[in-house]
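Let's take a walk through a protein model together. Have a look at the sequence and the 3D view, and then we'll go through some of the features one by one.

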Amino acid sequence: MGLDIRWPIGLMFSLIGVLLLIEGAIGGAGELDININLIWGVVLLVFGVLMLLGAVRGRKTPPPS
Amino acid sequence: MQPIHLAWVDYTILIAYVAFVVGIGWTLARYMKTSSDFLTSGRSIPTWVTGLAFMAANLGALELVGMAASGAKYGIAQAHFYWIGAIPAMVFLAVFMMPFYYGSKARSVPEYLKMRFNEPVRALNALSFAVMTVFASGISMDALARLLTNLLPWKLGTHILGMNFGSYDIYLWICSGVVLIYVLKGGLTSAIYTEVLQFFMIVLGFAPVVYLGLRDAGGWHSVKNALQGVATNPAAFNLQPAGVHYAPDAWTSVWKPVLDGPAANPLGVDWFAVVFGLGFVLSFGYWCTNFLVVQRAMAARNMTAARNTPLIAAVPKMLFPLLVILPGMIAIALASMPNKNYRIPPPIVSEANYDKAVDAVKNAAPSDTAAVKAVGNALGLKVDAGKVTKLIADNAANKLSDAQIHDGLYNSIAENDYNSVILSLLKKYCPPGLLGLALTALLASFMSGMAGNVTAFNTIWTYDLYQAYLMPNKSDAHYFWMGKFITVVGILLSIGAAYFASMYNNAMDIIQLVFGFVNAPIFGTLLLGMFWKRATGIGAFLGLFGGIAGSTVFHALTTTTGNVDAAGHAVNVWKGGYLGVVAKFPSEMAQNFWLAIFAFAVCFLVTVFVSLATRRTKTDEQLKGLVYSLTPKTVDHNQPLWQRPPVFGTVLIIACIILNIYFW
């Protein structure tokens, strides 16, 4: 159906990942003893970029019907 | 629950999510050309997408909130809903039932019932299902609007056309408006896509919270140890009435407490009710017949994809207790650790009532027993007499500040609001940023709860009621238009249902009750329809009708042990027994499971006997593709081994058995 869902998923999680990274970098660890925003920001960013890579590859090879 | 402070980053994540779902709707709008594109996605969605949507469609926020609540209340035994309930049902749907749903080219479950039986069976199922979807989506939206009202700091209010709109109304209408936009633009595809988005939001938003909670509690072993203390004295945490004690493993093992009988586990159920009531009737009834989830599989692009949809869904489903039940178990473990300063949140008490209670504490003389009652009355809740007496004594000895008394009162309330467990954990562990992500995940699942139900509702209405009975033989453009029009109507009806749910305290009980009456018997009808060619239309109709009527009567004559007064009458009539109490069950869950067993048995037996007494109206040729014995076996040999549904399904069942044994 027209739109590859991996585009919005990839874009959204990359964006949220970057937001968490910024928050983690500026806000520090807060009350916790680990900087969860920084760590999770990286995880989300990696997930988002992987989805985007999948979407790019999917555009080159149309899925079998 | 006190308002949670949200930072700019949290609002940004929330707004970004809304922008993305609206954007998805907008992008998909240009592909919506026929009623089939809009209502059934033109059967063109990739398998992993339908699979995740299949799982996420059921993963409403009520499930998230409710499973965490049950994790605290019942412990790991709640995983029965997954490991004996959902997974076997999903495998059965994929391997045995999907070939008929998908292969018959029916566009909905009621349409399959028409092909297999006759119009009255379809009408009965379509009507009851349509009503259910409206209420289900209303419950979701009511819960969402309530959550936002409690969570967000703004007190909104406006007048439109002379009517007073408060915060609740405004959140309800705005969120429904967002859902309307993306469903109206992109139809079922929009709903499926946002369900997949929501799936990832929930996994990626809740995983860090579970991790932080588990880490704070000292790891799984420490949680397990703490839960042994909880199980041996659940009354200390207001989980059970005083005097109830369980074996130490009642919160941490899946089967042992259930095998020891209803009195040995907090669910109050026996193994037969679990295996047959929950596992067979309720779970198969839900996963194999509910059009909301089956519709996702029907949108797949071919037969193999349709059959693999529930199987792909089963993989994350099997692991979801980690994300949804474990947090509740962590919460109750934390509550039992004195140094963690955490309790299961009590029901919300207004600040005015807290002030009254603080005054009551200040004015009380030490060891004044009447004061405990006065404090309880001021709060409007049950309080722990020992804790209140101690608070009063402490205050008399050395004057406490109002804030200290307030905290003392909070901790002495002897009632738990289990539905706040998940929010209290988010509040405890999430820094800004992560908090926005987790809350957005919650919000997303509420909204997709509405979207999923509305997309099922509009299909049933357009194809099974409007096209079938009101306006047959119109052009596709007409039905396309009707599909869109009824989407708007569906949203408006849902808003009405949300107001209904918000107005009556036991609206939720009533609605759940009706679901139970309607859901349990239909599995009997479909099972016989698909696997017994002798089942006739009139048999199916009377069986289905008898099942619904039978469960209503069953409910009217039974109740729970706790709901009976000294004279033997039911106290709360919504919990059953209003026509007299013939049988009593140890818990509401046990009553539900047995009701399901009874409804299924009535439907099954009536269908069998009436079918044997009536003449078949459909020939073998007409039933080809609709009944197991008359349909050529699906050939999977051209598929790679791991993509064949029976192979994939067997692997899943083995994994599920291993989980059951590991947590035995």
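This is a predicted model: local features need pLDDT of at least 70, side-chain atom pairs count only at pLDDT 80 or more; totals for chains, interfaces and linings use all residues.

Residues are numbered from 1 along each chain as its sequence is written, while chains are lettered from A and ligands numbered from 1 in the order in which they are written.

Let's start where the chains meet. Here, 30 residues of chain B are in contact with 24 residues of chain A (two residues are in contact if their C-beta atoms, placed from the backbone, lie within 7 Å). On chain B's side, the elements giving two or more residues are α1 (8–29), α8 (167–216) and α21 (434–470). These labels come from DSSP runs numbered from the N terminus, with helices (H or I) having at least four residues and strands (E) at least two. The largest share, nine residues, is from α1(B). Sorted by class, chain B's side has 21 nonpolar, eight polar and one charged residues. For this sorting, Ala, Val, Leu, Ile, Met, Phe, Trp, Tyr, Cys and Pro count as nonpolar, Asp, Glu, Lys and Arg as charged, and the others, Gly among them, as polar.

Now for how helices pack. α1(B) and α8(B) meet at about 105°, with their axes 8 Å apart. Axes are lines fitted to C-alpha atoms, for helices over the stretch in contact, and angles run from 0 to 180 degrees between N-to-C directions. That makes the two helices roughly perpendicular (65 to 115 degrees). Residues making this contact include B:Phe20 and B:Trp26 of α1(B), and B:Tyr182 and B:Tyr193 of α8(B).

α8(B) also packs against α20(B), residues 421–429, at about 75° with the axes 10 Å apart. So this pair is roughly perpendicular too. B:Val209, B:Leu212 and B:Gly213 of α8(B) touch B:Leu425, B:Leu426 and B:Tyr429 of α20(B).

Finally, two loop residues. Most residues other than glycine have a negative phi. B:Lys105, though, has a positive phi of about 65°, and sits in the loop between α5 (80–103) and α6 (109–116) of chain B. B:Asn341 has a positive phi as well, near 50°, in the loop between α15 (326–335) and α16 (351–363) of chain B. Are they buried or exposed? B:Lys105 is exposed, with 12 other C-beta atoms within 10 Å, and B:Asn341 is exposed with 11. The cut-offs, using C-beta atoms placed from the backbone, are 20 or more others within 10 Å for buried, 12 or fewer for exposed, and in between for partly exposed.

Methods:
Angles under 35 degrees count as roughly parallel, over 145 as roughly antiparallel, 65 to 115 as roughly perpendicular and the rest as oblique.
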